[in-house]
Amino acid sequence: VEQKQQMIRKAGILEMVPISESLEDIGGLENLKEWMRKKSVILRDMSRAREFGVELPKGVLIAGVPGCGKSLNAKASAQLFEVPLLKLDMGRLMGKYVGESEANLRQAIALAEAIAPCVLWVDELEKAFAGIGGDGGGAEVTTRLFGQFLTWMQEKRSAVFVVATANDVMKLPPELMRKGRFDEIFYVRLPTVEERKKIFEIHIKKRRRQDYKGIDISKLVEKTTGYSGADIEGVVKDGIESAYVAGKDKVSTEDILKAIKETH
Ligand code: ATP
């Protein structure tokens with residue numbers, strides 16, 4: 001792992017992300033989690049799966065509302081598959097010389113394949129490929145990069161599992177969505193009542209396990225319609241902070257309710 005990390009650091013295009021999250025840290029998104037679990041059976045023992053005639057999974061595209069667990073999922077998937085997580089930063093890929101960006105992408109792909117099995121996380125995919133098909137030098141480069149990426153996704157035989165995340169699918173070119181590129185596309189929405197319950201539980205237990213029993217979660221859930229997972233985490237943090245500053249020895253439902261009230 002150390003050697004792989006050094007390779008990545010030297011090249012400077014990919015980033016090795018430390019993983020601390022697991023599927024248990026995600027509230028809701030049951031279909032996505034179930035799908036990931038199925039893929040992990042294949043990825044954890046690839047040679048047996050191959051022998052059986054199973055094709056290696058290519059990857060998943062997760063689109064939807066910001067702050068609802070897309071990045072969290074990318075991290076948890078690497079943990080689940082027990083492989084390193086590499087993040088591809090499209091901004092870093094762009095070079096100022098002719099052909100440099102393409103060479104960088106080629107290098108990033110080669111690096112990921114050398115390190116495989118791994119998860120390659122492409123964050124904010126729609127931003128990476130913004131301006132495709134447009135006029136001007138910049139657009140031409142992104143169009144070429146995009147073509148290169150698609151071809152790789154299509155022909156990929158290596159154990160690089162791509163997790164791409166996007167906020168706005170409407171901005172993504174339709175070629176990307178057709179079957180054969182990603183195994184599946186998931187859309188993540190704002191959490192439902194049940195999911196909010198679970199998210200509150202995760203974040204309260206993470207920080208104040210001892211206070212969880214005394215907190216009336218259903219009251220919190222009732223007041224947080226339209227909140228994203230990140231918003232819920234935010235009010236939990238704020239509630240705990242203000243309880244601490246006020247010199248209390250435990251966090252109550254009221255502390256978090258107050259934080260919710262102060263959220264706009
Ligand atoms: P963006 O598109 O802005 O990057 P995202 O969908 O990738 O947003 P995350 O980074 O996954 O959002 O979520 C931000 C934080 O909110 C997470 O670190 C996590 O703590 C919390 N969070 C979001 N969704 C959930 C969830 N379903 N369960 C538990 N925590 C969540």
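A pocket here is an open set of grid points with protein on both sides within 12 Å along at least five of seven lines, and its lining residues have an atom within 4 Å of a point. With that in hand, let us walk through this predicted model.

We can start with the second largest pocket, whose volume is about 190 Å³. Its lining is made up of Leu29, Glu30, Asn31, Leu32, Phe186, Tyr187, Val188, Arg189, Leu190, Thr192 and Glu195. Sorted by class, the lining holds 6 nonpolar, 2 polar and 3 charged residues.

Now turn to the largest pocket, with a volume of about 550 Å³. Here 29 residues form the lining, and Gly67, Cys68, Gly69, Lys70 and Leu72 lie nearest the centre. Two or more lining residues come from each of α4 (70-81), β5, α9 (193-208) and α11 (229-245). Of these, α9 gives the largest share, 5 residues. The lining divides into 11 nonpolar, 8 polar and 10 charged residues.

How many residues of strand β4 are buried? The count is 5 of the 5 (residues 118-122), so the strand is largely enclosed by the rest of the structure. In a regular strand, side chains alternate between the two faces of the sheet. In β4, Cys118, Leu120 and Val122 point one way, while Val119 and Trp121 point the other way.

Technical notes
Residues are numbered from 1 along each chain as its sequence is written. This is a predicted model: local features need pLDDT of at least 70, side-chain atom pairs count only at pLDDT 80 or more; totals for chains, interfaces and linings use all residues. Side-chain values use heavy atoms; hydrogens and water are left out. Buried means under 20% relative accessible area, exposed over 50%, partly exposed in between (1.4 Å probe, protein chains only). Helices (H or I, at least four residues) and strands (E, at least two) are DSSP runs, numbered from the N terminus. On a 1 Å grid over the protein atoms alone, a cavity is a set of points where a 1.4 Å probe fits but cannot get out, and a pocket is an open set with protein on both sides within 12 Å along at least five of seven lines; lining residues have an atom within 4 Å of a point. Grid points are joined across faces, edges and corners, and a volume is the space filled by probe spheres set on the points. Ala, Val, Leu, Ile, Met, Phe, Trp, Tyr, Cys and Pro count as nonpolar, Asp, Glu, Lys and Arg as charged, and the others, Gly among them, as polar.
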